[in-house]
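Here's a walk through one protein model, taken piece by piece. Keep the structure open while you read.

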Amino acid sequence: MGLDFRFTTNGYIMSQELASRFVAAGLFNIGVSLEALDPKINEAIRPYPNGTAKTVEAIEILRRERERQKKFLSINVKTVLTELNLESFLEIAERYGKLDGMMVTPQAFEGMAGMPEETKQKLFVKDLDRFRRTLDRIREMKADGYNIHVTEQGLDEMLKAYVEDKDHKSTMHNKKLLMDADAPVCNIGTDNMWIQDGYVKLCPYHPPIGDFLEGKATLKEIWHGEMTKRVRAQTRACRRLCTISCLRRTPLSHKVKTFLKIA
């Protein structure tokens, strides 16, 4: 089927042996979650003992193993933009954004269902002018050749989500915010699927397209099945405003251009 496999990790238990196996297996992409290079900031968001050093070392291990085996593997440093680390993403982009095989991806913080209100208020960006300045700097860095995996539409919609939800009532999976009327259709169901607890999905907001563990259908049969065609049509018609990096509308042309740039 020509499938590429990828996953995201915090890198805390990455080892030379694991990195060697991942690269040798031909993984297409490994996302590494990092909120800041400064441990005080990163570990205020991701409280884990010595977590920043472990994550940074994981990135270096993967980079060295990629070079040693001379195989393509894209390493994607993923950062959630919050009140605590807006400018930190720019530092991450400066460090990794022009290295071979690497790109960086920003996404705006969104609350999650059940998340304590104290946590949400701590992380939501308060100053929208500061947010705009950060987004403008991201645009400038993209123009300067940094491999930042976000489109102009993606940047605009991060700000739109904050402007239209001033009270922060929306959550990642429960919101009524919509795209602009002239925004392109969603492509999430045309080139992407994942397996969660055995269920094969195109998008978390739409029904599963199959059960990989209990069902008898192969992934290929599921991908081309009638259920998938119906759900894919639903995703294409959906106008929900999605800003999470793995869900937002990113044209295939942008993905190809980005990955060719870092190959």
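Buried here means under 20% relative accessible area, exposed means over 50%, and partly exposed is in between (1.4 Å probe, protein chains only). Helices (H or I, at least four residues) and strands (E, at least two) are DSSP runs, numbered from the N terminus.

## Ground rules

This is a predicted model: local features need pLDDT of at least 70, side-chain atom pairs count only at pLDDT 80 or more, and totals for chains, interfaces and linings use all residues. Residues are numbered from 1 along each chain as its sequence is written, and side-chain values use heavy atoms, with hydrogens and water left out.

## A covered strand and its partners

Start with strand β3, residues 74-81. Most of this strand is covered, with 7 of its 8 residues buried. Two strands pair if DSSP finds at least two bridges between them. Strand β2 (residues 29-33) runs parallel to β3, and 5 bridges join them. Look for G31, which sits opposite N76 of β3.

Strand β4 (residues 102-108) is also parallel to β3, this time with 7 bridges. Here T79 has P106 in β4 as its bridge partner.

## Two helix pairs

Two packed helices are described by the angle between their axes and the distance between the axes. The axes are lines fitted to C-alpha atoms, for helices over the stretch in contact, and angles run from 0 to 180 degrees between N-to-C directions. Under 35 degrees counts as roughly parallel, over 145 as roughly antiparallel, 65 to 115 as roughly perpendicular and the rest as oblique.

Helix α1 (residues 16-24) packs on helix α3 (residues 51-69) at about 50°, with the axes 9 Å apart, so the two are oblique to each other. Contact means heavy atoms within 4.5 Å. On the α1 side, Q16, A19, S20, V23 and A24 meet a set in α3 that includes I61, L62 and E65. Sorted by class, that contact has 5 nonpolar, 3 polar and 3 charged residues (Ala, Val, Leu, Ile, Met, Phe, Trp, Tyr, Cys and Pro count as nonpolar, Asp, Glu, Lys and Arg as charged, and the others, Gly among them, as polar).

Now find helix α6 (residues 128-143) and helix α7 (residues 152-164): their axes come within 11 Å and cross at roughly 175°. That makes α6 and α7 roughly antiparallel to each other. Among the residues that meet are L128, F131 and R132 from α6, and L155, L159 and Y162 from α7. This contact has 9 nonpolar, no polar and 4 charged residues.

Strand β6 (residues 199-201) pairs with β7 over 2 bridges, and Y199 stands opposite D211 in β7.

Leaving aside residues up to four places away in sequence, C203 touches I188, W194 and T235.

Then there's K120, in helix α5 (residues 117-123). This lysine is buried too, with a relative accessible area of 9%. Not counting residues up to four places away in sequence, K120 touches F109, G111, M115 and H168.
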